Amino acid sequence: MALSLLCPLLVTFLFMQTLADTSFIQSRAAYYPNSEEKGTDVGACGFGSFGATVNGGDVSAASDLYRNGVGCGACYQVRCRNSAYCSGNGVTIVITDQGSSANTDFILSQRAFGGMAINKDAAASLLALGIVDIEYRRVSCSYPGKNITVKIHESSNNPHYLAFVLWFQQGSKDITAVQLCETENFVCKLLDRSHGAVWTTTAPPSGPLGLRMLFSDEQGEDESWVVPVNNIPQDWKAEETYDLGVQVNQ
């Protein structure tokens, strides 16, 4: 009898010890109640369908962590705090949208929300709750076999207007600035962040276009420029993707 009582207490104690990690920040999370299991393809980050399916659909909208679009593409480990339903590892999500609900930091996809649970039955119980207490921390994004990729926005019109987002950025830093460079004379211009993760310029230079990306930590420090191997081709087209031939692990 004593042993049977001790085991659940021990499991609960170990679970709470796991949750005591001081690198985590306490908050709350909800989920998209009217969406499909994965995220939305009209998220504020401007990622399109990529914003719904990246990371297997384990994605989220964020409130303060959206940071006027700088937080788009950032990865977080999120875990709920109810030992009856929640796993110790939780789920790793990617920020692809902006939003808040009832003092939450995250509105997860249904897939990600259920992914915090220990099993399918527990996931159903979490979904029934709707909003749960969580802990989260910033972690490195990982896209094995992928380089940072340019996706030309559908609003672009060569040669008059160029808008794009950057996919598959690894690491735990933010892209805080992007320069577009003429490859013949190496003159560069700083691009505008029009909204979310969308970088834009009117009257882009002719010819192949090079990029320079500024990476920094969440405090806007520890900055470094990264220059991709590949250029955007001269005949770039709206909705096309171009592999930049470079990846980061910062």
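Biologist: What stands opposite Ala29 in β5?

Modeller: Phe106 stands opposite Ala29 there. The model is predicted, with local features needing pLDDT of at least 70 and side-chain atom pairs counting only at pLDDT 80 or more, while totals for chains, interfaces and linings use all residues. Residues are numbered from 1 along each chain as its sequence is written, and side-chain values use heavy atoms, with hydrogens and water left out.

Biologist: Why are β1 and β5 called paired strands?

Modeller: Strands are DSSP runs of E, at least two residues long, numbered from the N terminus. Two of them pair if DSSP finds at least two bridges between them.

Biologist: Which strands close into the barrel, and in what order?

Modeller: The barrel has 6 strands in the order β1-β5-β2-β4-β3-β6, with mixed pairing.

Biologist: Why is β9 called largely enclosed by the rest of the structure?

Modeller: Buried means under 20% relative accessible area, exposed over 50%, and partly exposed in between (1.4 Å probe, protein chains only). Of the 9 residues of β9 (residues 174–182), 7 are buried, so the strand is largely enclosed.

Biologist: What makes β9 and β13 a pair?

Modeller: β9 and β13 (residues 209–216) share 8 bridges in the antiparallel sense, and Ala177 stands opposite Leu214 in β13.

Biologist: How many bridges join β9 to β10?

Modeller: There are 3, and β9 and β10 (residues 188–190) run antiparallel. The bridge partner of Leu180 in β10 is Lys189. The hairpin of β9 and β10 has 5 residues between the strands, and Phe186 takes a positive phi near 65° in this hairpin.

Notes:
Helices (H or I, at least four residues) and strands (E, at least two) are DSSP runs, numbered from the N terminus.
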